[in-house]
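Open the model in your viewer and keep the sequence panel beside it. The stops below are meant to be selected in order.

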Amino acid sequence: MIIVKMNNTTVECNIAASELREIGLTPESVVNGEMRSVPFMAQINREVGEQLDYNPENEVLMMSKNMMADGSVRIFAVKMNKTIKEALCILEGLGVPLNDLTERRKEKMAKAFMSVAGLKP
């Protein structure tokens with residue numbers, strides 16, 4: 001497993017398919033969030049949290065998991081404050097499509113929404 005801190009709020013984690021097989025997982029089980037992958041993802045959450053100096057009191061970690069063509073799994077984790085996460089939930093509830101956006105784009109949309117609403121991110 002390779003974890004790379006891209007900046008103060010973003011970490012990229014790459015896990016080879018062979019590494020997953022060694023611990024009894026498949027790329028599909030990790031990407032689909034199957035129960036047997038929960039302990040592994042908890043470990044990744046801890047390691048990513050340490051890299052980003054994550055404070056669960058006022059921050060959230062948003063993660064996207066993708067299976068690559070070679071069977072490896074790439075995970076991007078982005079740390080953001082809870083207010084931004086709440087704004088994204090409101091936007092999603094209003095029917096704004098967010099699924100195909102990058103984490104950075106989602107954060108920008110949330111900040112723009114909050115600005116229009118007169119709130120401070």
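The tour goes from the whole chain to the strands, then to the cores, and ends at a pocket.

**Setting up**

This is a predicted model, in which local features need pLDDT of at least 70 and side-chain atom pairs count only at pLDDT 80 or more, while totals for chains, interfaces and linings use all residues. Residues are numbered from 1 along each chain as its sequence is written, and side-chain values use heavy atoms, with hydrogens and water left out.

**Whole chain**

Show the protein as a cartoon: there are five helices and four strands. Helices (H or I, at least four residues) and strands (E, at least two) are DSSP runs, numbered from the N terminus. Followed along the sequence, the pattern is β-β-α-α-α-β-β-α-α. The C-alpha trace spans about 50 × 30 × 25 Å along its principal axes.

Colour by relative accessible area next, where buried means under 20%, exposed over 50%, and partly exposed in between (1.4 Å probe, protein chains only). Of the 121 residues, 32% are buried. For contacts (heavy atoms within 4.5 Å), 47% of those between residues at least 6 apart in sequence join residues at least 24 apart.

**The strands**

Select β1 (residues 2-5) and β2, which run antiparallel and are joined by four bridges. Two strands count as paired if DSSP finds at least two bridges between them. A hairpin of four residues links β1 to β2.

Strand β2 (residues 10-15) is antiparallel to β4, with six bridges between them. Here N14 stands opposite R74, and I15 stands opposite V73.

Now bring in β3, which pairs with β4 in the antiparallel sense over nine bridges. N66 has R74 as its bridge partner in β4. R74 is also the residue opposite N14. The β3 and β4 strands form a hairpin with five residues between them, and G71 in the turn has a positive phi of about 90 degrees.

**The nonpolar cores**

A nonpolar core is a set of buried Ala, Val, Leu, Ile, Met, Phe, Trp, Tyr and Cys residues joined through side-chain atoms within 4.5 Å. Select I15, L20, V30, F40, I44 and I75: these have the most contacts inside the largest core, which has 14 residues. Elements that each supply at least two residues of this core are β2, α3 (38-52) and β4. The largest share, five residues, comes from α3.

Apart from this core lies another, of eleven residues, among them V60, I84, L91 and L98. In soluble globular proteins, nonpolar side chains tend to be buried together.

Return to I75 and show its surroundings. Residues up to four places away in sequence aside, I75 touches V11, E12, C13, I15, M41, I44, M63, S64 and K65.

**The largest pocket**

A pocket is computed on a 1 Å grid over the protein atoms alone, as an open set of points where a 1.4 Å probe fits, with protein on both sides within 12 Å along at least five of seven lines; lining residues have an atom within 4 Å of a point. Grid points are joined across faces, edges and corners, and a volume is the space filled by probe spheres set on the points.

Select F76, V78, T102, E103 and R104, which lie nearest the centre of the largest pocket among its 15 lining residues. Two or more lining residues come from each of β3 (59-67), β4 (73-81) and α5 (103-116). With four residues, α5 gives the most. The volume of this pocket is about 280 Å³.

How does the lining divide into nonpolar, polar and charged residues? There are five nonpolar, six polar and four charged. Ala, Val, Leu, Ile, Met, Phe, Trp, Tyr, Cys and Pro count as nonpolar, Asp, Glu, Lys and Arg as charged, and the others, Gly among them, as polar.

**Last stop: E107**

Select E107 in helix α5. Is E107 buried or exposed? E107 is buried, with a relative accessible area of 11%. Leaving out neighbours within four places in sequence, E107 is in contact with M80 and I84.
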